[in-house]
Amino acid sequence: MTTTVLKGIEMYIKLAAAEIIGGGVVAFPTETVYGLGANAYDEAAVAKIFEAKGRPADNPLIVHICDKSALSEICTDIPELAYKLADRFWPGPFTMVLPKSDKIPYITSGGLDTVGVRMPSHPVARQLISLCETPIAAPSANLSGSPSPTSARRVFEDMNGRIPYIIDGGECEVGLESTVVAFEDGGVRILRPGGVTKEMLEQVAPRVIIDEGVTGRVSDDIRPASPGMKYKHYAPKAEVILVKGSVEGYRKYVEKNVSEGDFCLVFDASDAVMGVPYVEYGHDPRTQAHMLFEALRELDGRGAHRVFARCPDKNGIGLAVYNRILRAAAFNIVEV
Ligand code: TXA
Ligand code: MG
């Protein structure tokens, strides 16, 4: 008999893996946001994810792997470019949508013939997938519609009583969900911007297109490239107004419109407006990505009714920050 000494987090990862192998659902940290994971091949287990989140059945899940070789088990007709992108951006915050193999049940792919695949870099996520010896389907670990959780505490807020375990791996480094791409005409289309930016993709792919749904509203009568685009997303309970323009313009707008229960969501304290409570989310795009979802949840925790948010730049990972905050604001944007 071999005897293993289970230390700290390793023990919890083993406990969580046993739960997933037994057909259960567990929340775990990744470098992007926390995920709500189950065996991607097990229909009954995947159904529990949809139930725990209150997620619409036609919104597909991302399948997480810990070894590139698993790609050919999950997908078919894989273009050469997909292997190149995997070599460059895996493990990391990068998801590729490809035709699914028969091993992936339709419940996992939201009824589509394609599936999103990602190899995360977070050591806890990788160890968990490796111990389960199966790909793990995992959406973000929030209730459907609310901001994705970037700490175990925030997962607990949404999932307490709904799932048996949350593995606490501290704060997520990136803070926003992975970049999702689909393949077309020898290049890729960005369906959701994230930590792997357009500029980074252009170093590998001959053509990179940003889907209109990234910075615009997807109308009800067209079928979006990514089903997730059509749902209300990342929204705190408060009404959010995205204010685009200089800090002077921002302050004037807030002073003119502010009333009881309003908050400011600013880059830093120097943007604040006298007498109006505020939450900061940082100046540079990386910090904003890291802090945005936590800031939105903090605003809810402080009882904000309405939030005047400073609009971020769209450069680099800033495009991902803009994409999320625009949805948090339900496309309510004013230029000052
Ligand atoms: O960073 C992430 O991607 C996190 C962590 C946990 O890995 N996961 C995540 O999953 O954000 P979720 O379910 O919250 O978002 C998945 C997005 C949705 O917008 C969905 O519509 C899109 O990816 N997606 C998944 N499979 C797709 C497919 N086959 N075709 C088009 N879009 C797809
Ligand atoms: Mg999500």
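Select ligand 1 and the residues around it: 27 residues form its surroundings, with Thr 32, Arg 55, His 64, Ser 178 and Gly 228 the closest. Keep in mind that the model is predicted. Colour this shell by class, and it splits into 13 nonpolar, ten polar and four charged residues.

Next, show the side chains that make polar contacts with the ligand. Start at His 64, where a side-chain N or O atom is 2.6 Å from an oxygen atom of ligand 1. Move to Thr 114: here a side-chain N or O atom is 3.0 Å from a nitrogen atom of the ligand. Then pick Arg 192, which places a polar side-chain atom 2.9 Å from an oxygen atom of ligand 1. Switch to a surface view: ligand 1 taken alone exposes 680 Å², and the protein buries 97% of that.

Return to cartoon and select strand 3 (62-64), strand 5 (114-118) and strand 9 (187-192), the elements that each give two or more residues to the shell. Strand 5 gives the most, with four residues.

Strand 11 (residues 239-244) runs parallel to strand 14 and is joined to it by five bridges; Val 243 has Arg 310 as its bridge partner. Strand 12 (residues 262-266) is also parallel to strand 14, with four bridges, and Leu 265 stands opposite Ala 309.

Definitions and conventions: Residues are numbered from 1 along each chain as its sequence is written. Chains are lettered from A and ligands numbered from 1 in the order in which they are written. This is a predicted model: local features need pLDDT of at least 70, side-chain atom pairs count only at pLDDT 80 or more; totals for chains, interfaces and linings use all residues. Side-chain values use heavy atoms; hydrogens and water are left out. A residue is near a molecule or strand if one of its heavy atoms lies within 4 Å of it. A polar contact is a pair of N or O atoms within 3.5 Å; within protein, one must be able to donate a hydrogen and the other to accept it, and residues adjacent in sequence count only if both atoms are side-chain atoms. Accessible areas come from the Shrake-Rupley method with a 1.4 Å probe; for residues, only the protein chains shown count as cover. Ala, Val, Leu, Ile, Met, Phe, Trp, Tyr, Cys and Pro count as nonpolar, Asp, Glu, Lys and Arg as charged, and the others, Gly among them, as polar. Two strands pair if DSSP finds at least two bridges between them.
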